[in-house]
Amino acid sequence: MSFSSLTSACSSLGVKSSSLIVQLGFQTTENNKFPGAFVSSPKRTKIKKFSIACSSTDPLLVKAARGDPVSRPPAWMMRQAGRYMAVYRKLAEKHPSFRERSETTDLIVEISLQPWEAFRPDGVIIFSDILTPLPAFGVPFDIEEVSGPVIQSPIRSEDDLKALHPIDLEMLHFVGESLKILRQEVGGHAAVLGFVGAPWTIATYIVEGGTTRTYTTIKSMCHTAPNLLRTLLSHLTKAISEYIIYQVESGAHCIQIFDSWGGQLPPDMWEQWSKPYITEIVSVVRNKCPKTPLVLYINGNGGLLERMKGTGVDVIGLDWTVDMADARKRLGSDISVQGNVDPAYLFSPLSAVTKEIQRVVKCAGPCGHILNLGHGVLVGTPEEAVAHFFDVSKSLNYDGSSQNHSMEESKLLV
């Protein structure tokens, strides 16, 4: 069981559906403006003195992650800042290097807040990349326009391991600075989200030398050089744990762990080569940051749900290939879930988007659910559809009685 089990108000809930009242008439982003919202500017050099305890009330997303009773499901989207937004494309024309955009404090803050200003999601995730910390522990990389990440010196031998060193968090100062500013700009109106890659997923890039469709080199290493791979994974585990703690101490309310390529392993292999390292990260972070919810997301996780729960995280992120009702049955009511609308739905008529959101939320139940897509926002997604997604999410209200009786008897009222 994760550190934050559901409260007594939710402990007796079933897992088949929820009771919701869908309020007619959506809130508009114009009516949701908050004073002090970030306005992009060429330079933002001053950072106010920051305290993690800057709000006496936890944001809605944090409450849902912990399983506390909430009035509606909080919502955010993976890749909610990116190329589908016209303002991002305009900024990217001026700053064509992804490394520049994701490693410059002013640009990170501006990009991270673009969807916040447009849609007011319940979570504002820092604009970064799971590979960002690699140079800080000895693995330089480049990002090429067509081929993506490239690691010129992959680690495939004992000698290669000598290049590794403890993580130098000073090299990641732009991450800490950005999180502090985001926490100030967003205030208590939304959760600031940090994220990392899981050891196995990061190792795939370091061993393969970049992206791959087959994972043959690292999968072979599981059998031909297991000690080498374990040493690499252990080093990554320590570095990632320290990186998470750094993000939390810089202002992140919640951290998502992306084991993006964990789903490429057979379940028994994931149990051996990924789960123990994620479990160790959870233990280390929980000791230092006991109140910070941790989310675990794996692309293609249908065969791993029960194993994912065993890592001790607070929230399981579901991709869209898993039925939400089935996931609830398999995971039980003592852990929160996130997801899992198919990103392709955002290319459908808005009425279809509404129905799918209602279905997912109903299946997830009125406790411990963070509404999200089952993967990142797709390039070309209409901004109108993204705005509609968040408008619908804000129009939902849990029937108060649903948190006190069996969800089998509940109905979705429009």
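**Helix H5 and the annotated spans**

Analyst: Just after H5, Arg120 takes a positive phi of about 55 degrees; helices (H or I, at least four residues) and strands (E, at least two) are DSSP runs, numbered from the N terminus. This is a predicted model, in which local features need pLDDT of at least 70, side-chain atom pairs count only at pLDDT 80 or more, and totals for chains, interfaces and linings use all residues. Residues are numbered from 1 along each chain as its sequence is written, and side-chain values use heavy atoms, with hydrogens and water left out.

User: How many residues does H5 have, and how far does it reach?

Analyst: Helix H5 covers residues 105–119, which is 15 residues, and reaches 22 Å from its first C-alpha to its last, close to the expected 21 Å (1.5 Å times one less than the number of residues).

User: Where in H5 does the kink lie?

Analyst: The kink, of about 30 degrees, lies at Leu113, shortly before the proline Pro115; the bend is the angle between axes fitted to the seven residues ending at a residue and the seven starting there.

User: Why is H5 largely enclosed by the rest of the structure?

Analyst: H5 is largely enclosed because 13 of its 15 residues are buried (under 20% relative accessible area, with a 1.4 Å probe and protein chains only).

User: Which residues does UniProt list for "domain: Uroporphyrinogen decarboxylase (URO-D)"?

Analyst: The unreviewed UniProt entry lists residues 74–83 and 193–209, and such annotations may be inferred rather than shown by experiment. Residues 74–83 are 0% helix and 0% strand, with end C-alpha atoms 23 Å apart, whereas residues 193–209 are 59% helix and 29% strand, with end C-alpha atoms 28 Å apart.

Notes: Buried means under 20% relative accessible area, exposed over 50%, partly exposed in between (1.4 Å probe, protein chains only).
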